[in-house]
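Here are a few notes to read alongside the model.

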Amino acid sequence: MPITRRHLLDHALTVGAASLAAASLNVRVTTPALAESAKHWSERAAFQSLKHKLGERLLAVTSPLGPCLSAPESQACRRRLEHLRNPFFIQDQPGGFQTNGWLDAWQAEVSPYAVAAESAEDVAAAVTFAHEQGVKLVVKGAAHDYLGRNSAPDSLLLWTHRMRDITYDPAFRPMGAGSDTAGRPALKVAAGARWVEAYEAASAVDRYVQGGGCTSVGVAGGFLQGGGFGSFSKRYGTGAGSVLEFEVVTADGQIRIANAYQHPDLFWALRGGGGSTFGIVTRVTLLAHPRPERMGLLSGRLEAKSDEAFRKALAHLVAWYPGALNNPDWGEQIAIRPDNSMDFFLTFLDQSDANALSVWAPLKAALAEEGIALSLNAKSIPFAGLWDLAFWDRTDPDFVHRDLRDDGGSGLYWWAPNQGEVGQFIDAYTSRWLPRRLFEPDARIDLVEALFQASRHARIVLHINKGLSGASEPVLAREADTSINPVAREAAALVICSSTQEARYPGLPGHEPDMAAGKRAAEQVQAAISVLRAATPGGGAYSNEADYFEPDWQTSFWGANYASLLEVKQRYDPDNLFRVHHGIGSR
């Protein structure tokens, strides 16, 4: 029989936060001694054997900033900096990173060697070498990671970028399932594929797979294994909840199939317990949902003339939200600003523009009575056009940026609003789930005050698609069998508060981050999130989009699931080969 969440977690659900912290000390996870330097381990006979086995797939890695480090005023440097504004160029460089560092936390480190894996067997060879030789192993696919888990000095990089094949199976049955198990439409995606490629493949067969909003994010890596919220998660759930099967290389170098019938404990842990923690996923099989007919974008803005008026605007928003947006039709963001303004950028599914706007009519009328104008605009398109570059070229060419390398370009593209993330340096980045109960009449006044006080310090953004309250019962049932913090299922939204600097490169003169400004911004972000943490005792943060310095991170990221996740970690990786910052079993 398939394993259920109850089979795994009956004992964990009664463990409180203090007990979980103690549990992390009671289960031993050892750490192998690291080699002193890459030069030290690269001269060993075992490394030469690995080189012989992998041939050209074992690479010496250089920094993509090389032309600027050697000749900062040269045309080659200027050209390279232009290329580094393209996420797909970054992904083609084994030494490239989407995020270049975090204030007082980490900065990107280029691994001296990389295994450019083309198969699960290549991954297993790298894992076996690192395990036996005590070498720090880092994993990178699409190069997206806010917390720097794909970067470490003197490490061996396991680079999955070349593993990008995608196939559709109209009647997939997990390995080990009985013959009476019905097949389901599914997409099999290799470790290095990006969501834009997965979406295009699914759309070609009138299907949709639940993934990230950013086209260049990798499918099988930390995004999905950490949870995987996207624009339409209130309708389809998380990426983790849609996983039917993993192919994964564990710390012993074995290639395993993990699903509800084989290694169900590992399957559960991989669906939310964090990337590069329990093993290296080489392929993932995702449930392919029926494709929506239409999707739309709604944008808007309001400005209040005083603090008192802004509090009233927040009160109307909080009262209106549960009946209007806390459902499977809506997603994306509401930004609340220190200058007493709000910006709205939301998605809606399978509604006409007029119907979408009618949802907002009661809020608009209530605000008008307070003398606050809310301007709104809605525009819907066929959902199939969302992943069709030719459609955007015809209808809104400025909404996308194209990968124009190699003359005519690759056909890859990213959304213009995501440009600021390419090559970013993070001053601070924090998140907090807002429980649905805070929107009830007896709690609203406290929520309104918390949102107001937090927004005095910094811009805070409510991501309504990153809370699963309002999702359908079938979606919530799937999510209950993931290892994502259970508070996410009860959350109406995820608040994110952050500060970043665009296209900043530590150590590159003239292009370094402004540390003084970064510290000031970080202080404001921390002041804002402190208000929200105080308003949500026992709550949590989304581990993929969270504070590098998150307090009580075990409970915040995984809640009651942490103790069971730690047991799975010890079972499959007793020597803690796969260790990442604030990952299960890390210190």
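Before the first helix pair, one convention: axes are lines fitted to C-alpha atoms, for helices over the stretch in contact, and angles run from 0 to 180 degrees between N-to-C directions. Please keep in mind that this is a predicted model.

1. Let's start with two helices, α16 (residues 444–455) and α18 (residues 515–535). Their axes come within 7 Å and cross at roughly 165°. Angles over 145 degrees count as roughly antiparallel, so α16 is roughly antiparallel to α18. The crossing of α16 past α18 is right-handed.

2. Which residues make this contact? From α16 there are A450, L451, Q453 and A454, and these meet A528, V531, L532 and A535 of α18. Sorted by class, the contact of α16 with α18 has seven nonpolar residues, one polar residue and no charged ones.

3. Now to the sheet. Five strands form an open sheet in the order β7-β8-β12-β10-β11, and the pairing is antiparallel. At the edges sit β7 (166–172) and β11 (255–258), each of which pairs on one side only. On average, neighbouring strands of this sheet are turned by 20° against each other, direction ignored.

4. A helix packs on this sheet too: α8 (residues 120–133) touches β10 (243–249), β11 and β12 (280–287). The direction of α8 makes about 50° with that of β10.

5. β7 and β8 (residues 184–190) run antiparallel and are joined by five bridges. If you want a pair to display, T167 has K188 in β8 as its bridge partner.

Key: Residues are numbered from 1 along each chain as its sequence is written. This is a predicted model: local features need pLDDT of at least 70, side-chain atom pairs count only at pLDDT 80 or more; totals for chains, interfaces and linings use all residues. Side-chain values use heavy atoms; hydrogens and water are left out. Two strands pair if DSSP finds at least two bridges between them. Helices (H or I, at least four residues) and strands (E, at least two) are DSSP runs, numbered from the N terminus. Contact means heavy atoms within 4.5 Å. Angles under 35 degrees count as roughly parallel, over 145 as roughly antiparallel, 65 to 115 as roughly perpendicular and the rest as oblique. A crossing is left-handed if the near helix is turned anticlockwise from the far one by less than a right angle, and right-handed if clockwise. Ala, Val, Leu, Ile, Met, Phe, Trp, Tyr, Cys and Pro count as nonpolar, Asp, Glu, Lys and Arg as charged, and the others, Gly among them, as polar.
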